[in-house]
Amino acid sequence: MSLTIAIDGPAASGKGTLSRRIASHYGYRHLDTGLTYRAVAKALIDAGQPLDDEEAAIDAARTFDISDMRRDVLAAHEIGEAASKVAVMPGVRSALVARQRDFAAQSRGAVLDGRDIGTVVCPDAPVKLYVTASPEVRARRRYHEILSNGGEADEEAILADILKRDERDMGRADSPLKPADGAHLIDTSEMTIEAAFRAAREYIDAALDND
Ligand code: CDP
Ligand code: CDP
């Protein structure tokens with residue numbers, strides 16, 4: 001039987017860090033579904049196609065190599081922005097959701113993180129977490145991330161981008177970001193990574209005990 005842990009939340013809430021930690025602790029595979037949307041966006045940008053070319057986007061969603069997605073290659077801020085634009089297209093979503101479900105089904109245990117894992121991709125997951133943090137805290141995290149990678153950044157501009165992306169992700173008609181039914185809320189605004197992991201482990205261990 002395959003066991004899936006569904007983790008959703010807005011940009012820079014800490015869901016990726018938490019997902020990797022959980023996957024490594026329980027020996028599960030991890031899929032960062034944000035990378036699948038980023039891969040489609042990058043394929044369009046590289047091919048010089050407009051981001052609203054739905055046919056090209058669906059073709060990219062069906063064909064890109066899911067085993068070769070690297071966050072460093074897909075990390076650019078513009079790719080994140082472009083990803084949230086291709087993510088509003090229902091045809092792109094259904095092609096990617098099918099591939100994400102395959103990943104979960106083929107794993108003994110899997111952690112998937114994104115925006116619609118608990119609501120759409122794996123609604124029957126025995127553990128669903130909704131990870132969040134205030135926009136100001138999330139902007140500060142991204143800011144420090146950029147500085148620690150040797151880059152330059154403007155915290156105000158990052159906050160404005162985060163608010164814009166939240167609006168797009170939470171306001172779209174197809175699969176908007178929201179807590180799934182039965183999701184446990186983890187607000188990491190005042191939490192260390194370790195504290196968030198401890199909170200998640202309690203929910204997961206309780207679900208595994210009931211299995
Ligand atoms: O995956 P998501 O965009 O939700 O966020 P992330 O990449 O996991 O976390 C964004 C940044 O916040 C990283 O630099 C984490 O180290 C940091 N973070 C934190 O400072 N405190 C937490 N409780 C969780 C993440
Ligand atoms: O790392 P960060 O949280 O900034 O973003 P990401 O997880 O890489 O996702 C990039 C964009 O893809 C998001 O802003 C969403 O618009 C979209 N996405 C989505 O619609 N559904 C998912 N399951 C994952 C990402």
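A residue is near a molecule or strand if one of its heavy atoms lies within 4 Å of it. The model is predicted, with local features requiring pLDDT of at least 70 and side-chain atom pairs pLDDT 80 or more, while totals for chains, interfaces and linings use all residues. Residues are numbered from 1 along each chain as its sequence is written, chains are lettered from A and ligands numbered from 1 in the order in which they are written, and side-chain values use heavy atoms, without hydrogens and water.

The side chain of Arg 165 places an N or O atom 2.7 Å from an oxygen atom of ligand 2. For the side chain of Arg 71, the corresponding distance to a ligand 2 oxygen is 3.1 Å. Arg 115 contributes through its backbone: a polar atom there is 3.1 Å from a nitrogen atom of the ligand. Ligand 2 exposes 530 Å² when taken alone, and the protein buries 98% of that. Accessible areas come from the Shrake-Rupley method with a 1.4 Å probe; for residues, only the protein chains shown count as cover.

Ligand 1 has 15 residues around it. Ala 12, Lys 15, Gly 16, Thr 17 and Glu 145 come nearest. A backbone N or O atom of Gly 16 is 2.9 Å from an oxygen atom of ligand 1. A side-chain N or O atom of Lys 15 is also 2.9 Å from a ligand oxygen. For Gly 14, a backbone N or O atom lies 3.1 Å from an oxygen of ligand 1. On its own, ligand 1 has 540 Å² of accessible area, of which the protein covers 77%.

The fold contains an open sheet of five strands, paired in parallel in the order β2-β3-β1-β4-β5. Its edge strands, β2 (29–32) and β5 (184–187), each pair on one side only. From one strand to the next, the twist averages 20 degrees. Helices (H or I, at least four residues) and strands (E, at least two) are DSSP runs, numbered from the N terminus. Two strands pair if DSSP finds at least two bridges between them.

Strand β1 (residues 3–8) runs parallel to β4 (residues 127–132), joined by four bridges. Ile 5 has Val 127 as its bridge partner in β4, and Ala 6 stands opposite Lys 128. With β3, β1 forms six bridges, again parallel. Here Asp 8 is partnered by Gly 114. Six of the six residues of β1 are buried. Leu 3, Ile 5 and Ile 7 are covered on one face, and Thr 4, Ala 6 and Asp 8 on the other. Buried means under 20% relative accessible area, exposed over 50%, and partly exposed in between (1.4 Å probe, protein chains only).

Helix α6 (residues 90–105) lies across β1, β2 and β3 (109–114) and runs at about 150 degrees to β3. Axes are lines fitted to C-alpha atoms, for helices over the stretch in contact, and angles run from 0 to 180 degrees between N-to-C directions.

Two residues of interest lie in the loop between α9 (155–171) and β5: Arg 172 and Asp 174. Arg 172 is buried, at 9% relative accessible area. Asp 174 is partly exposed, at 25%. Contact means heavy atoms within 4.5 Å. Beyond four places in sequence, Arg 172 is in contact with Ala 87, Val 88, Arg 93 and Arg 115, and Asp 174 touches Pro 90 and Arg 93. The Arg 172 side chain reaches the backbone oxygen of Asp 174 at 3.0 Å. The side chains of Asp 174 and Ser 175 form a polar contact of 2.8 Å.

Thr 188 occupies the loop between β5 and α10 (193–209). Thr 188 counts as buried, at 5% relative accessibility. Its side chain reaches the backbone oxygen of Ser 13 at 2.8 Å. Residues touched by Thr 188, not counting those up to four places away in sequence, are Ser 13, Val 131, Thr 132, Ala 133, Arg 141 and Ala 196.

Technical notes. A polar contact is a pair of N or O atoms within 3.5 Å; within protein, one must be able to donate a hydrogen and the other to accept it, and residues adjacent in sequence count only if both atoms are side-chain atoms.
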